[in-house]
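This report describes selected features of a single model. Please consult the sequence and the three-dimensional view alongside the text.

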Amino acid sequence: MENLLLAFGLTLLAGLATGVGSLIAFFAKTTNTKFLSLALGFSAGVMIYVSMVEIFFKAQDSLVDAMGNEAGQWTTVGAFFGGMLVIALIDKFIPKSGNPHEVKKVEDMANRQTAVKDPDLLKMGTFTALAIAIHNFPEGIATFTAALNDPALGIAIAAAIAIHNIPEGIAVSVPVYYATGDKKKAFKLSFLSGLSEPVGAILAYLLLMPFLNDMVFGILFAGVAGIMVFISLDELLPASRRYGEAHLSIYGVVAGMAVMALSLLLFI
């Protein structure tokens, strides 16, 4: 029960980081590109390292125990790439204008008062928030599953996802503010889009917990590893470089991997 509450709490905190990004969009004069580039790279480093070094092999151990060596290893690989396929399909059906991978900056908030009460922009802004909510859903499952199995691992993953949710909060706030000229509405939709992560955790608990055994856990965990690697390669690294600080992005990746490696050695 203690692990369960921690898993839900970490997932909730990671999701609410979109609200932090929304507040940054409203109160900062300019985007701190160096910080975001370094932070997104760091988040990618954490996710890639923990997925390939820790989560994948935990999943493989569970599946080998449940299915035998050959079938377990094949199932691990299949579930890993299946996780990648799931998040890739979600991205494919999110139009470019609503995709959280599209970098937006605080400066984009300026001089948009003419957009107020434009119904087309309102529809676009609301859809952007919905698209990011859908995109965040599997991340909630990933954070919850990892935290439930290993709280220390869950804390590291929740922190990495929270970091990468900050620019997603900006990505929600900017187009919604374009659509309405209303900061409160933009913040509310940004905040609500982040709540899809704890919703994902709740559904994972309700649907999967009654059937959780070594095989189900292994498949789910391998899929989580695939989701996080795909997010890192398709979203975090390109976004961190698009903020114009390419070297800082790579330094962040290395730092994220080093911190994750050290935490695995010391705490996990």
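## Salt bridges

E54 and K58 lie about one helical turn from each other, because they are 4 residues apart in helix 2. Helices are DSSP runs of H or I with at least four residues, strands are E runs of at least two, and both are numbered from the N terminus. The two residues form a salt bridge in which the closest N and O atoms are 3.5 Å apart; the term denotes a side-chain nitrogen of Lys or Arg within 4 Å of a carboxyl oxygen of Asp or Glu.

K58 also meets D150 in a salt bridge, at 3.0 Å from N to O. This pair links distant parts of the chain, 92 residues apart, since D150 sits in the loop between helix 4 and helix 5 and K58 in helix 2. E54 is buried at 15% relative accessible area, D150 is buried at 14%, and K58 is partly exposed at 23%. Buried means under 20% relative accessible area, exposed over 50%, and partly exposed in between (1.4 Å probe, protein chains only).

## Basis of the model

The model is predicted: local features need pLDDT of at least 70 and side-chain atom pairs count only at pLDDT 80 or more, whereas totals for chains, interfaces and linings use all residues. Residues are numbered from 1 along each chain as its sequence is written, and side-chain values use heavy atoms, with hydrogens and water left out.

## Nonpolar core

The largest nonpolar core has 50 residues, of which M47, V50, I55, I157, F221 and M228 touch the most other members. Such a core is a set of buried Ala, Val, Leu, Ile, Met, Phe, Trp, Tyr and Cys residues joined through side-chain atoms within 4.5 Å. Helix 8 supplies the largest share of this core, 13 residues.

Beyond its neighbours within four places in sequence, F221 is in contact (heavy atoms within 4.5 Å) with I55, K58, A59, T145, A146, N149 and L153.

## Helix 3 and Q73

Q73 belongs to helix 3, residues 69-92, and is partly exposed, with a relative accessible area of 33%. Not counting residues up to four places away in sequence, Q73 touches Q60 and V64.
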